[in-house]
Amino acid sequence: MTPKDYKTLSIASHEIMNRLSFIGSAYQYISARYPESKEFKFWTIMGDSIGELNTLMKRTSICRHCAFPEKSTISLKQLLDNLRTAPNTCLTTCLHPFDIVCHCDKDVLINVDSEQLTIALCEIIMNGAEASNFATVYINVSIQNNDIYIVISNSGNLPNIQLPQTINQDDNIYYSPDDINILSEAFYTTKPEHFGLGLYIANSVISRHNGTLNISQDDKNTYVHIQLHAICTLT
């Protein structure tokens, strides 16, 4: 997509969200003004649907904005401090408890959009918390050869992943993609009432920062591996 396409989508998103905002306000007003409306069979379902649409529009908007990171130089220490104090966002109901262990003798500078990267890391934290029944999520950070390695882990195995099937010309069934990184594909989810955008948003942000995101698991834990490039090491 070209920058013009992204701009057009952003304008359309803004207009849709304006209408949704009006519908949401009208719903709240009618609910308060006419309490008997709650007795209508589908009233609560309609309210939930309005809320879900608002959340979906905000998250898809962030997916598009990931194409335009506003990068600036920040130290890794400051980035991690920002993550520890990250405020509640429209993407999460809360920031779940997590523990950061930094195996770094020295600090490094990195050129990133710190707001987008914080959102990406928060998405992974919440995803891991939900997958482990809201147990503590652990974040290990290290520096090797001027690259930053962030490993976010949670207890428990990945859910049952149903890979999409494709059939080739001789009627043999293939599966694509062939590994668990499908979890970072847009709109793929194994959880009821989820959109499948959390890890996709995270992967989009990391990719726009010339980094990589991969997923692995062992018998006890699931891991999200992130690699980013540092600018230089601070003395």
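Start by selecting arginine 33 and tyrosine 34: the charged end of arginine 33 sits over the tyrosine 34 ring, 5.3 Å from its centre (the cut-off is CZ of Arg or NZ of Lys within 6 Å of the ring centre and within 35 degrees of the ring normal). Bear in mind that this is a predicted model, where local features need pLDDT of at least 70, side-chain atom pairs count only at pLDDT 80 or more, and totals for chains, interfaces and linings use all residues. Numbering runs from 1 along each chain as its sequence is written, and side-chain values use heavy atoms, leaving out hydrogens and water.

Next, the aromatics. There are two aromatic pairs in the structure (ring centres of Phe, Tyr or the six-membered ring of Trp within 6.5 Å; planes under 30 degrees apart are stacked, over 60 edge-to-face, the rest tilted). Pick tyrosine 27 and tryptophan 43: their centres are 4.6 Å apart and their planes at 20°, so this pair is stacked. Tyrosine 27 counts as buried at 16% relative accessibility, and tryptophan 43 does too at 11% (buried is under 20% relative accessible area, exposed over 50%, partly exposed in between, with a 1.4 Å probe and protein chains only). Now select phenylalanine 40 and phenylalanine 42, an edge-to-face pair with 6.1 Å centre to centre and 75° between the planes. Phenylalanine 42 is partly exposed, at 44%.

Last stop: aspartate 113. What does its side chain reach at 3.1 Å? The backbone nitrogen of glutamine 116. Show Pro69, Glu70, Lys71 and His209 as well, since aspartate 113 touches them, not counting residues up to four places away in sequence (contact means heavy atoms within 4.5 Å).

Methods. A polar contact is a pair of N or O atoms within 3.5 Å; within protein, one must be able to donate a hydrogen and the other to accept it, and residues adjacent in sequence count only if both atoms are side-chain atoms.
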